[in-house]
Amino acid sequence: MKRILVVDDDKTLRMMLKRHLEKQGFVVEEADSGVEALNLFKRDPPDLVVSDVMMPLMDGFEFCRRLRTNPAGKLVPFIFLSSKGELDDRIEGHAIGADDYLIKPFEPLELVAKIEAQLERSRRIHAEMIRLMQQFTPQTSPPTSTQKESVQPIHDPAQGWHRHRGESEDLNPMQPEPLPLTPAEARVFWEVIQGHPNKQIAARLVISPRTVQTHLSRILSKLGLENRSQLVRFAFEHGYRPGSEPEPN
């Protein structure tokens, strides 16, 4: 189920939204300010954020700005839900990174429709990233019967790739450079470039989503990248492709 983070200092409204969204099959987390929302996001990023603008401690605009500077928060769908309905407010909301802006009072069904539309858009982006990776995967000619007998796999976990003994160099022209990652970071790297979200990676590797995010942040820092999209592009441009990761020890 998709997780929605609802950020609003109005407790009654948060409870109403929580009940309504849970009836639609979503898992809902709540925060009463941008400060609390950032802490929740760092602990376990949600699939989408719905946020008010006028809040104490940190308003929605500042929350959105800070979220978009976080590598994990750059592509998360973000919807403002606010009584600030002036044109300038809506323009500012979109300018700092919001994907949609709904004015209070609102129809709950419209909010659900906007949430589903943003999640579907996120799914399409995710699918396109995978398609591009598959499209740019180098194709090799099938080995002859003689080659099949002599080809034996050689795994190099430090380099994050494998080839076969006896394989011609021109059959695999893109030999990736060694990854400057720890074994744990390398496992997360291979999961991320296959398009798996943090929650799924956590389940597959039997670690917490927060640990996945910590590893991902370190991976991005070591490779000089800003977000998951850049990481996926880096992977297929440098020859790191799904199916070529080393076998686990």
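Trainee: Trp190 and Tyr240, are both buried or exposed?

Mentor: Both Trp190 and Tyr240 are buried. Buried means under 20% relative accessible area, exposed over 50%, and partly exposed in between (1.4 Å probe, protein chains only). Keep in mind that this is a predicted model: local features need pLDDT of at least 70, side-chain atom pairs count only at pLDDT 80 or more, and totals for chains, interfaces and linings use all residues. Residues are numbered from 1 along each chain as its sequence is written, and side-chain values use heavy atoms, with hydrogens and water left out.

Trainee: OK, how many aromatic pairs does the structure hold?

Mentor: Eight aromatic pairs. Rings of Phe, Tyr and Trp (its six-membered ring) pair if their centres lie within 6.5 Å; planes under 30 degrees apart count as stacked, over 60 as edge-to-face and the rest as tilted. One of the pairs is Phe61 with Phe80, edge-to-face at 5.3 Å centre to centre and 90° between the planes.

Trainee: Where in the chain are Phe61 and Phe80?

Mentor: Phe61 is in helix H3 (residues 60-69) and Phe80 in strand E4 (residues 78-82), 19 residues apart, so to speak a link between distant parts of the chain. Helices (H or I, at least four residues) and strands (E, at least two) are DSSP runs, numbered from the N terminus.

Trainee: Which aromatic cluster is Phe61 in?

Mentor: Phe61, Phe63, Phe78, Phe80 and Tyr101 form one.

Trainee: Switching topic, how many helices and strands in the chain?

Mentor: There are 10 helices and seven strands.
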